[in-house]
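Thanks for making time this morning.

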Amino acid sequence: MKFDYANPYPSARLPVFARNLVATSQPIAAQAGLAVLRQGGNAVDAAVATAAAMTVCEPTGNGLGSDAFCILWDGQLLHGLNASGPAPQGWSSAYFQRKYGAGASSPPLRGIDSVTVPGAVGAWAALHARFGRLPFDQVLAPAVDLAESGYLVPVVMQPKWAAGAAELGAQPGFAATFLPNGRPPAVGEVFRMPNAARALRLIGQTRGAAFYQGEIAAAIERFATAHGGVLSQADLAAYQPEWVTPLSMDYRGYTLHEIGPSTQGIAALMALGILSHFDVPALGLDSAASYHLQIEAMKLAFADVYRHVAEPSSMAVTAQQMLDAGYLQSRAALIDMQRAQDFGPGLQPTGGTIYLTAADDSGMMVSFIQSNYLGFGSGCVEPDYGISLQNRGHGFSLTPGSPNEVAPGKRPFHTIVPAFVTRAGQPVMSFGVMGAHMQPQGHVQTLLRMVDFGQNPQAACDAPRWRVNQGLSVNLEPTAPAHVAEGLRARGHQLAAHNDVYQDFGAGQFIWRLDDDLGNPAEAPSAARYVAASDPRRDGQVAGF
C-alpha cells in the first residue's frame, strides 16, 4: 500500500505525564534518550544520548559539526553552557574581501568559508563530565546503532531534505552522505550514516577527544584545506565550551532564563520586561489586541538586539543596560495599542536547528539546543567521519566597526537559544522553540499562554503563532482566527503569507514540573512529576515512563 501521508484534518496532541521524560522533534531520538534513562542514566545522560541521535535522525537541522547551548537544573542550581564555536584564527575581514571581493558584507552563506569551530561534541563531553552518570560510550551507543542500522525517513523532514539537496548537492561531501542512490531518500526509506557511526564510536571511547585533538580533528583540517578553507587542528584543539550564568527576567511571579549574548535570547527577556507593564490577561486569549501588544514588544526588543548583540567583549552596550527596568519601561511607553510601528534601537553606544528537553524523577531538568544553522548548515560534509558542518560564520559582519565584525577566535551572533523557567528559585519548565529568529518570539508567545491564560503546555504549543519580520511585516499562522488577522491589519500590520509551519513558526518542546501539592504527601520530595508537550509542526514526540 502506498499511503498518502498528507493529513487533511486539524489535529491536536495530548499532554504527556510522567516522572522521566524526553521530548524532541524525532521520535526515534526521543526513544534513544528514554533507553538511556531506563538503563539508569539521568536527564543529562538522556539529553546527550538524544542530541547524538538527532545528528543522525534529523540531519536537516544539525550534525556532528553543530554548535550547542544548554540550561540545566541539577537538582539544586541552574547552570548555563555556551558551546558555540569561534572563528578560525585565519579569518578576518581582509581574508573574506580578498576571496569574495571588497563589496562582500558577510562571510558566505554556504561552503567551507562559512564554518566556525563546531561546539556540539564539546557540549556533550562537558555536560557528561560534570553531571553524567553512565559511561560516555554507553550514552552514545543508541546513536551509533541508529547510524549503522539506519532509520526510516519521516514525513515532515523529508521535503526539507529534498529542498536542501537542490541547493547543496554540489557542496563537498554532501551528495555522498545525504543523497544515497543519487537522490534524497523518500518517506519511509531507510537511511544510514556508517561514517558518522565510526565518528560517534570514537567520540564515545575518547570522551570527545578524538574530535578536537585526535584523528577526527586531523580529518576536518585535511577536508577544510582541500576545499580552500583555513579551519585547522589548532583551532579545534584550542576549543573549550564555556560555563555561564544565564540572564533572567521576572514576569508575573515566574522567572525566564536565557543564555546571554552573543545569542538572541535576551530578546525574549526584553519583550517580557516590556509586557510586564501591561495587563495582558485583560486583553483576552487570542484577541487581536493581545497579538498586537506582543508583536510590538517583540519588535522593540529586536530593534536593540540586532543593533547591539555580539560577543560581549565587542558590545558597546551591556546586557544589563538592555535589561534595565527603567529602560524597558520607557520602551513600553512607545507602544500604541491602536497602531503598528517600525521601531529603531533605543540604546545608543557610549564608546535548520533541533531542540530537546529531558527530565528525570530526581528533579534534574535539561534544556538543550544544537544546530547547523540554515538547513544542512554549510552543506560541507567531511566524508571519512560524516561530519556535517554548520555555517555559523555567515552570522558575522564584514562592516568595519560593527560589534559583530569577524575576527580570529571571536564568536558570531547566534540565533539558537534554550530557555528555562523558575518560580521562587525552584524549577518550573525546561523548554525551547527552534526556528531562526522565531525562537525568542516562540518563547514569549508560549510562556504567556501558560502564565497569563492558564493553557497547558501542549495547548500553548499547538496554538497559532505569529512572527515579526522587518518593518511592519508580520507572518500569521494560517490557523489563527480570522478576527485576529482583521484586527492586525486595521492597526497597520502588513500580513505576509507564510504557510511553511515547519520553519517559519518554530517547533517547541516543553517539560513543566507539576506542583508538589498535586501528589501523594507520602512520596519522597525527589519523586518529581512532569507534564510535557511536543510540537505537531514536526515529526516529534514526548517519550516517558
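**The cavity and a helix crossing**

Two helices, H14 (288–308) and H17 (438–451), each supply at least two residues of the lining of the largest cavity, where helices are DSSP runs of H or I with at least four residues, numbered from the N terminus. Please bear in mind that this is a predicted model, in which local features need pLDDT of at least 70 and side-chain atom pairs count only at pLDDT 80 or more, while totals for chains, interfaces and linings use all residues. Residues are numbered from 1 along each chain as its sequence is written, and side-chain values use heavy atoms, with hydrogens and water left out.

A cavity here is a set of points on a 1 Å grid over the protein atoms alone where a 1.4 Å probe fits but cannot get out, and lining residues have an atom within 4 Å of a point. The largest cavity holds about 80 Å³ of space, the volume being the space filled by probe spheres set on the points. H14 gives the most to its lining, with 3 residues, and among the lining residues are Tyr291, Arg449 and Trp466.

Turning to H17 again, its axis and that of H12 (residues 266–275) come within 8 Å and cross at roughly 40 degrees, with axes fitted to C-alpha atoms over the stretch in contact and angles running from 0 to 180 degrees between N-to-C directions. In the contact (heavy atoms within 4.5 Å), Ala267, Ala268, Ala271, Leu272 and Leu275 of H12 meet Pro440, His443, Val444, Leu447 and Leu448 of H17.

How values were computed. On a 1 Å grid over the protein atoms alone, a cavity is a set of points where a 1.4 Å probe fits but cannot get out, and a pocket is an open set with protein on both sides within 12 Å along at least five of seven lines; lining residues have an atom within 4 Å of a point.
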